[in-house]
Amino acid sequence: MLNRFISLSALIVKGSCGFQGPGLLSKRQSLLKSGAKNKTMSAKPFKVLITHPEVPQSGIDLLNENCELVRVESLPPKRSELLQKIRGVDGILWGGHEALNAEVLDAAGPQLKSISTMSAGIDYVDLDEVKRRKIPLGHTPTVLDNAVADLAVGLLIAAGRRFHEGRKKIETGNWENYHLNWMLGQDVRDSVVGFYGFGGIGQAIAKRLSGFDIDQVLYTTRRRIDRETEKELNAKKVEFNELLTKSDFVVIAAPLTAATQGVFNATAFNKMKNTAVLINIARGKIVNQNDLYDALRSNRIFAAGLDVVDPEPLPPNSKLLTLDNIIILPHIGSATNRTRSDMATIAAHNVLRGLVGERMLSPAY
Ligand code: DGY
């Protein structure tokens, strides 16, 4: 199950998942052609807005075959330019994490047929508003699982083994290795790793960690995952309380929703082991950052590794940055050339499918 899930993105990108099979392709081509007949002025039947000037070329090339492209050119993208260029488009490839809400949808107009984000998380989308207007929305989960999982493992080791603090010791002339017990950290071997959220990214992290001889995976999700994957990953579904009290490493890999916002607060930190390491590769708002600061400063928990914070960008004077026992990255989980290019490809396929009324590769609802 896990392997099938992880390889889905590769199949999609190679075009061998049936998406580019002759049946579907010819159906789409004929729909695109019939659309063209209805638009006498243009050989390309659909107009699609690309909301960010740096969307990878893989996605642009795909859309360009059959769509007239309108592109936001300002960087960072200006909302005013977007609101002006969005008028009358049939599709949107949403390239950033800006609010996608009623203002945008109103500006586009009622002909809008298809939207895809270029992200897995869609917390910046007013989903109720998109659903109310019955506009198909796609996103790009799965394809980034491996890149984010690699980064999560890096953070887990970096935080547990005090990389940031070690670097600071060197810079400040405090390399005190004459101590026998200097800079001791937490072992990954034989540890219990607890996942808050255990979808594709969480499972990809657990798969990697099995190579580090961990003892057990615990996870908290709404629904139990399939038995085969549980067995493969030595994973057990537990209540949140048990996850907190038993885990040596707690990894947040859940979407940001009203139910997950602020769940990691002082109450949660007080239940964790004082040797525990918290990793967040999901969304910053799932953690109450003031409470995290207190928990780290008082050594209530051992360390944290964050790829996501609230707000982003984190102000350079954030008190979190004064701590030794935290490592913070600027939300770069999916930031590899291949992953971003694949995300653009899938987003473009989503948009194209939505335009002709086909089910998207990765629909968000
Ligand atoms: C996502 O896709 O949600 C990741 O956080 C990268 O943006």
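Two residues are in contact if their C-beta atoms, placed from the backbone, lie within 7 Å. This is a predicted model: local features need pLDDT of at least 70, side-chain atom pairs count only at pLDDT 80 or more, and totals for chains, interfaces and linings use all residues. Residues are numbered from 1 along each chain as its sequence is written.

**View 1. P141 sits in the loop between β5 (137-138) and α7.** Leave aside neighbours within four places in sequence, and P141 is in contact with A120, G200 and S362. Is P141 buried or exposed? P141 has 21 C-beta neighbours inside 10 Å, so P141 counts as buried. (A residue is buried if 20 or more other C-beta atoms lie within 10 Å of its own, exposed if 12 or fewer, and partly exposed in between; these C-beta atoms are placed from the backbone.) P141 and A364 are 223 residues apart in sequence. Their C-alpha atoms are 9.2 Å apart in space.

**View 2. The whole protein has 14 helices and 12 strands.** Helices (H or I, at least four residues) and strands (E, at least two) are DSSP runs, numbered from the N terminus. How much of the protein is buried? Buried residues make up 41% of the 365 residues. Now take contacts between residues at least 6 apart in sequence. Of these, 68% join residues at least 24 apart.

**View 3. Six residues surround the ligand: S119, A120, G121, L144, G333 and S334.** A residue counts as near a molecule or strand if its C-beta atom, placed from the backbone, lies within 6 Å of it. The shell around the ligand divides into 2 nonpolar residues, 4 polar and no charged. (Ala, Val, Leu, Ile, Met, Phe, Trp, Tyr, Cys and Pro count as nonpolar, Asp, Glu, Lys and Arg as charged, and the others, Gly among them, as polar.) A120 in this shell is also one of the contacts of P141.

**View 4. Helix α7 covers residues 145-160.** Just after α7 comes R162, with a positive phi of about 65°.

**View 5. Helices α3 (residues 57-66) and α14 (residues 337-355) cross at roughly 25°.** Their axes come within 7 Å. (Axes are lines fitted to C-alpha atoms, for helices over the stretch in contact, and angles run from 0 to 180 degrees between N-to-C directions.) The two helices are therefore roughly parallel to each other. (Angles under 35 degrees count as roughly parallel, over 145 as roughly antiparallel, 65 to 115 as roughly perpendicular and the rest as oblique.) Which residues of α3 meet α14? They are S58, G59, L62, L63 and N66. On the α14 side are S341, A344, T345, A347, A348, H349, V351 and L352. The residues of this contact divide into 7 nonpolar, 6 polar and no charged. R338 is also in α14. R338 is partly exposed, with 13 other C-beta atoms within 10 Å. R338 and P56 are 282 residues apart in sequence, but 9.8 Å apart in space, C-alpha to C-alpha.

**View 6. A253 lies in the loop between β9 (249-252) and α12 (266-271).** With 27 other C-beta atoms within 10 Å, A253 is buried. Not counting residues up to four places away in sequence, A253 touches several others, including F195, Y196, F198, I201, I205 and I281. A253 and A149 are 104 residues apart along the chain, and their C-alpha atoms are separated by 9.7 Å.

**View 7. Some backbone angles here stand out.** Most residues other than glycine have a negative phi, and most peptide bonds are trans. Where are the cis bonds? One joins L75 and P76, with omega about -10°. P76 lies in the loop between β2 (67-71) and α4 (79-85). Another joins E312 and P313, with omega about -5°. N234 has a positive phi near 50°. N234 is partly exposed, with 14 other C-beta atoms within 10 Å. N299 also has a positive phi, near 55°. N299 is exposed, with 11 other C-beta atoms within 10 Å.

Notes. The expected span of a helix is 1.5 Å times one less than its number of residues.
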